[in-house]
Amino acid sequence: MLLSTEEFKQAILDKGQYYHIYHPFHVMMHEGRATQKQIQAWVANRYYYQINIPLKDAAIMANCPDQAFRQEWIQRLMDQDGGGREAWLRLAEAVGLTREQVISEELVLPSVRFAVDAYVNFARRAPWREAASSSLTELFAPQIHKSRLESWPEHYPWINTQGYDYFRSRLSQARRDVEHGMSITLESFKTEESQQRMLEILQFKLDILWTILDALTLAYVHNEAPYHSVTDQNVWHKGLFK
């Protein structure tokens, strides 16, 4: 059934129930039950996602013939590839990692790398409007950043507060990006088939974010590092598994 503009917008908002703020790993961090090792693992693995977001945005722009869209969308790339990356590295230092550790990507789990790469490859191959609409998980991002700013200082006093700059900056940036992304999405998908396709794409992006936390749960909650079952000598020998 073809949805009205308001019905379509509500269907998009309803996808928020699948946002990774509800993943047990994130709930654990929010409630103060995460160890320093688990938080470090999240920061190091999430870094791989962060540095690939500008590649995703560049791919969308490369596929887009609309100059006005490109001129507005490029701000996302500048936010993430400029101050955003530096702010995330400060977060890494604040939780006890070194820049070199994080930048080397030695702590990135294979399944995290696979999931993030799948997202970038989707953006490279998909029509630009579809790829742009996948970014609408940002609808739910202010809530997740706000939850970290509220709970982490209380539960993890050992984290240097300068490490929270990324979360603070994204509160306003995400809201701005959502307005643009939602406008493009509501204007672009006007048939029943295209609306359903967009909702499937948004679910795909939600799956990416959920899968990242699934991987961290397996490795850092259940202590099942990659290849743990096939060799006595842990081939995942670097970083936090030592």
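R90 and D165 join their side chains in a salt bridge, with 3.3 Å from N to O. A salt bridge here is a side-chain nitrogen of Lys or Arg within 4 Å of a carboxyl oxygen of Asp or Glu. R90 sits in helix α4 (residues 67-94) and D165 in helix α9, so this pair ties together parts that are 75 residues apart in sequence. Helices are DSSP runs (H or I, at least four residues), numbered from the N terminus.

Before going on, a word on the model. It is a predicted one, where local features need pLDDT of at least 70 and side-chain atom pairs count only at pLDDT 80 or more, while totals for chains, interfaces and linings use all residues. Residues are numbered from 1 along each chain as its sequence is written, and side-chain values use heavy atoms, with hydrogens and water left out.

How many salt bridges are there by this rule? The count comes to 16.

| Pair | N to O distance |
|---|---|
| R90 and D165 | 3.3 Å |
| E93 and R99 | 3.0 Å |
| R197 and E130 | 3.3 Å |

The pair R197 and E130 also links distant parts of the chain: R197 belongs to helix α10 and E130 to helix α7 (residues 128-133), 67 residues apart. Some salt bridges share partners, and in that way R76, D79, E138, R170, R176 and D177 end up in one network.

Now, how open are these residues to the outside? Buried means under 20% relative accessible area, exposed means over 50%, and partly exposed is in between (1.4 Å probe, protein chains only). R90 has 28% relative accessibility, so it counts as partly exposed, and D165 is partly exposed with 29%. E93 is partly exposed at 40%, and R99 is partly exposed at 23%.

Conventions: Helices (H or I, at least four residues) and strands (E, at least two) are DSSP runs, numbered from the N terminus.
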